[in-house]
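Hi there,

Here is the structure I promised to send over.

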Amino acid sequence: MATAAPTQFAMATSNVQPSNVTSVKTLTETADLKTIPSIYAYTPTNPNEADVFEDEVSIPVIDFSLLTSAIPEQRSKAIQDLDKACQDWGFFMVVNHGVPESLLKGIISASNEFFNLTEEEKKEFAGKNILDPIRCGTSLSTSNGKIFLWRDFVKLVVQPDQFHAPHKPIGFSEVALEYCNSGRRIVRELLKAISESLGLDNDYVEKTLNLDSSAQVFSANLYPPCPQPELAMGLPPHSDHGLFTLLIQNDVPGLQVQHNGKWVTINPLPNSFLVNTADQLEVNVSPANL
């Protein structure tokens, strides 16, 4: 699970009604907030959501250049490292992946430009259904009595049949397409290595899952500064339901993953991807399904 760890608290909030909230960004920019609105006060519903932290461990790091090396010994060692990371953690950082630093910075900049559009401009891309190929907005935690999350988002369906992206801001679509294609290249190589680690042909998992027809979703999240971060939640504890999640972060910490029952803060290496082996991969490569 990748999220900020939940915190128990006593509520001290302001009175803002859900109908008045269009985005967290707008809320923070139009109000002199000293306390958060009560609709953003997050209370964990699961008694197992304990504040147990682990500061002495580091998430595994996979050197992509060794994973794709033409030198058999280097590749074999990298595959072993990947296999262990998948089994022990389900998370790992990928470095030396070949995606230019300029592209990683470019997609963060382009996403910020999207969130900086006016609310009227963003309404064009709000979407009406969870299956809409372009959708933006703010979010609810429906499992918590419809508490609002301290997050704005934009989500795009970019594969398999058509690349979908908003036409604003200028240049967003182009940089998003390049970024998504780079991510897909990394995923294909990871699947090859995972297949080999299982003693299978290196294209086994990709062919079995028919990757070319699989959906790919781009998502960008904005977490504006919060006057009471100990009360709000950007995203609650969760697992991702897809195959892989490739994540890049800016320089603001907050993301945590759960390992052996404890929360571990992710301090990303420069120009790295955090990879989450998500639910679909876990189900499909389990021994019972091979």
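To start with, are phenylalanine 114 and phenylalanine 115 buried or exposed? Both of them are buried. Please keep in mind that this is a predicted model.

Now to the aromatic rings. Searching the whole structure turned up eight aromatic pairs. One of them joins tyrosine 40 and phenylalanine 148 edge-to-face, at 5.5 Å centre to centre with 70 degrees between the planes. Tyrosine 40 is in the loop between helix H1 (24-30) and strand E2 (61-63), while phenylalanine 148 belongs to strand E5 (residues 147-159), so this pair ties together parts that lie 108 residues apart in sequence. Tyrosine 40 has a relative accessible area of 0% and is buried; phenylalanine 148, at 10%, counts as buried too.

Phenylalanine 114 and phenylalanine 115 also pair up: their ring centres are 5.9 Å apart and their planes meet at 80 degrees, so the pair is edge-to-face. These two are part of a cluster linked by ring pairs, which also takes in Phe125, Phe172, Tyr179, Phe218 and Phe273.

Two charged residues are on my list as well. The charged end of lysine 155 sits over the ring of phenylalanine 153, at 5.7 Å from the ring centre. Glutamate 206, in helix H7 (residues 204-209), has a relative accessible area of 19%. Buried means under 20%, so glutamate 206 counts as buried. Leaving aside residues up to four places away in sequence, glutamate 206 touches Arg188, Leu191 and Leu211.

Happy to go through any of this with you.

Best wishes

Key: Residues numbered from 1 in each chain as written. Predicted model: local features only at pLDDT ≥ 70, side-chain atom pairs only at ≥ 80, totals over all residues. Heavy atoms only, no water. Helix = DSSP H or I, 4+ residues; strand = E, 2+ residues; numbered from the N terminus. Buried < 20%, exposed > 50% of the residue type's maximum accessible area, 1.4 Å probe, protein only. Contact = heavy atoms within 4.5 Å. Phe/Tyr/Trp six-rings, centres within 6.5 Å; stacked < 30°, edge-to-face > 60°. Lys NZ or Arg CZ within 6 Å of the ring centre and 35° of its normal.
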